[in-house]
Each structure stands twice: as structure tokens, then as C-alpha cells.
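Subject: Handing over a structure

Hello,

Please open it first and then read on.

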Amino acid sequence: MPPMPVTTVFARSDRALERVVLEVRQEQWDEPVPGWFQTRDPTGRRPTLREVIGYHASDEAWVPDMLAGRTIEQAPARADGAVARRLRRAG
């Protein structure tokens, strides 16, 4: 079986995450993630589910441009955290 194209992997993983996110109840968005969830925060503060999904959305927003061969400099509007900021406000 030939390897799956990276664009297909990205699209499938994106749809899988979307199915999970759609199952999140409103009251769960501002709960801190479980203690086993590893972060890089030196204070030990646990982010909320909303923050984690916001970070992911911000990181993921520029991936289609990268898969299309653009550099991050060519896609600054997507790589500047705008998606995460909108998600935080949507709360």
C-alpha cells in the first residue's frame, strides 16, 4: 500500500479533532485540563480546554499554506495568533 499523502493525513486528522470538539459541552470549555496533561508552563498552571484548542487552532491555521509550499513569511495573517484570539473571545 502506498504511503498516504501528507495533505490527506492533515485533512483526516483535522476532521477527527473537529468531531471531538463538537462533543465538548459548554461548561467544559473553561475547565482546566487534567493534571496528567503535560505543558511547558514553569508555574505548573493548567490551561483550560479553550486555551488548548485555541493554541492548536493558531498553530494549525498556517499548515495549509505550508503544505502548498509557502513560507511562514508568506502567510503572516494566519501565523500571527489571530485564530486563537478569536477563539478566546468566543467564550
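Which residues of H2 are buried? Before the answer, a word on where the values come from. This is a predicted model, in which local features need pLDDT of at least 70 and side-chain atom pairs count only at pLDDT 80 or more, while totals for chains, interfaces and linings use all residues. Residues are numbered from 1 along each chain as its sequence is written, and side-chain values use heavy atoms, leaving out hydrogens and water.

Now to H2 itself. Its buried residues are Arg-50, Glu-51, Val-52, Ile-53, Gly-54, Ala-57, Ser-58 and Glu-60. Here buried means under 20% relative accessible area, exposed means over 50%, and partly exposed lies in between (1.4 Å probe, protein chains only). Helix H2 has 12 residues and reaches 16 Å from its first C-alpha to its last, close to the 16 Å expected at 1.5 Å a residue. That expected span is 1.5 Å times one less than the number of residues in the helix.

The overall picture

The protein chain has four helices and zero strands, giving the pattern α-α-α-α along the sequence. Helices (H or I, at least four residues) and strands (E, at least two) are DSSP runs, numbered from the N terminus. Of the 91 residues in the protein chain, 22% are buried. The protein chain exposes about 7000 Å², and carbon and sulfur atoms supply 57% of that area; accessible areas come from the Shrake-Rupley method with a 1.4 Å probe, and for residues only the protein chains shown count as cover. Among contacts (heavy atoms within 4.5 Å) with a separation of 6 or more, 38% are between residues 24 or more positions apart.

Salt bridges

The structure holds four salt bridges, each a side-chain nitrogen of Lys or Arg within 4 Å of a carboxyl oxygen of Asp or Glu. One of them joins Asp-30 and Arg-50, at 3.0 Å from N to O. This pair links distant parts of the chain, 20 residues apart: Asp-30 is in the loop between helix H1 (6-21) and helix H2 (49-60), and Arg-50 is in helix H2. Arg-50 counts as buried because its relative accessibility is 9%.

Glu-51 also takes part in a salt bridge, with Arg-45, at 2.8 Å from N to O. Glu-51 is buried at 19% relative accessibility, whereas Arg-45 is partly exposed at 41%. Another salt bridge brings together the side chains of Glu-27 and Arg-25, at 2.7 Å from N to O. Glu-27 is partly exposed at 48%, and Arg-25 is partly exposed at 47%.

A loop residue and a ring pair

Thr-48 has its place in the loop between H1 and H2, and Thr-48 is buried, with a relative accessible area of 15%. What does Thr-48 touch, not counting residues up to four places away in sequence? The answer is Trp-29, Asp-30, Glu-31, Pro-32 and Val-33.

Finally, there is one aromatic pair. Rings of Phe, Tyr and Trp (its six-membered ring) pair if their centres lie within 6.5 Å; planes under 30 degrees apart count as stacked, over 60 as edge-to-face and the rest as tilted. The rings of Trp-36 and Phe-37 have centres 6.5 Å apart and planes at 55°, so the pair is tilted. Trp-36 is exposed at 68% relative accessible area, while Phe-37 is partly exposed at 30%.

Best wishes
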